[in-house]
Amino acid sequence: MRNIILCGFMGAGKSVVGKELAKIMGCRFVDTDELIEKEQGMAIKAIFAARGEDYFRELEHDVCCRLGETKNSVIATGGGAMTFERNVEAIKKSGRVVFLDADFDTICERIGDSSSRPLFQDKESARALFEARRAAYLAAADITVDGNMSARKTAMTIAQMFR
């Protein structure tokens, strides 16, 4: 099976949907942010604070390159990963990209306390970032799915597309 690569804004449900989808499809689940945290031994927020966003984006690109060589996985990308063409090119070698298109109000409800999200500290700045990134997600995506549904329903919808 070629990989199913999930993209979308933070809080769109990539990790939750991805885990559910991997169970349905009987394959492995990989979260790029979790992989980076495990390899670096620190949270994304700490990486941003200690080394800056540019350093984090290099780590993210390395992970996208490595995952571009894998198969039989559902991959949840970080919220900014697929806004960089080099990441899209690297990871898309291994599968198809699905954009979880959730609206900003749904995302705010899901995120709640945003203290662990470095780019969601100010809601108005986050809204501007959300709007700016949407075009990049649409450009990267092979398929767009309504991200406002429950994780289970979203995962079932995607699974039907890939069966």
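Mentor: The bend at a residue is the angle between two fitted axes, one for the seven residues ending there and one for the seven starting there. Keep that in mind for this predicted model.

Trainee: OK. Where does helix 7 bend?

Mentor: At Arg-133, by about 30 degrees.

Trainee: How many residues does helix 7 have, and how far does it reach?

Mentor: Helix 7 runs over residues 123-140, so 18 residues. From first C-alpha to last it reaches 25 Å, close to the expected 26 Å.

Trainee: Which residues of helix 7 are buried?

Mentor: Ala-126, Phe-130, Arg-133, Tyr-137 and Ala-140. Here is a general point. An α-helix has 3.6 residues a turn, so residues three or four places apart point the same way.

Trainee: Switching topic. How many cavities of 30 Å³ or more are there?

Mentor: One. The largest cavity has a volume of about 40 Å³.

Trainee: Which residues line the largest cavity?

Mentor: Among them are Phe-9, Phe-99, Ile-107, Phe-130 and Tyr-137. Strand 4 and helix 7 each give two or more residues to the lining.

Trainee: Now Arg-57. Where is it, and is Arg-57 buried or exposed?

Mentor: Arg-57 sits in helix 4, residues 53-67. It counts as buried because its relative accessibility is 9%, and the cut-off is under 20%.

Trainee: Which side chain does Arg-57 have a polar contact with?

Mentor: That of Glu-60, at 2.8 Å.

Technical notes:
Residues numbered from 1 in each chain as written. Predicted model: local features only at pLDDT ≥ 70, side-chain atom pairs only at ≥ 80, totals over all residues. Heavy atoms only, no water. Helix = DSSP H or I, 4+ residues; strand = E, 2+ residues; numbered from the N terminus. Buried < 20%, exposed > 50% of the residue type's maximum accessible area, 1.4 Å probe, protein only. Polar contact = N/O pair within 3.5 Å; in protein donor to acceptor, adjacent residues only side chain to side chain. Expected span 1.5 Å × (residues − 1). 1 Å grid on protein atoms, 1.4 Å probe; cavity = no way out; pocket = protein on both sides within 12 Å on 5 of 7 lines; lining within 4 Å. Points joined across faces, edges and corners; volume = space filled by probe spheres on them.
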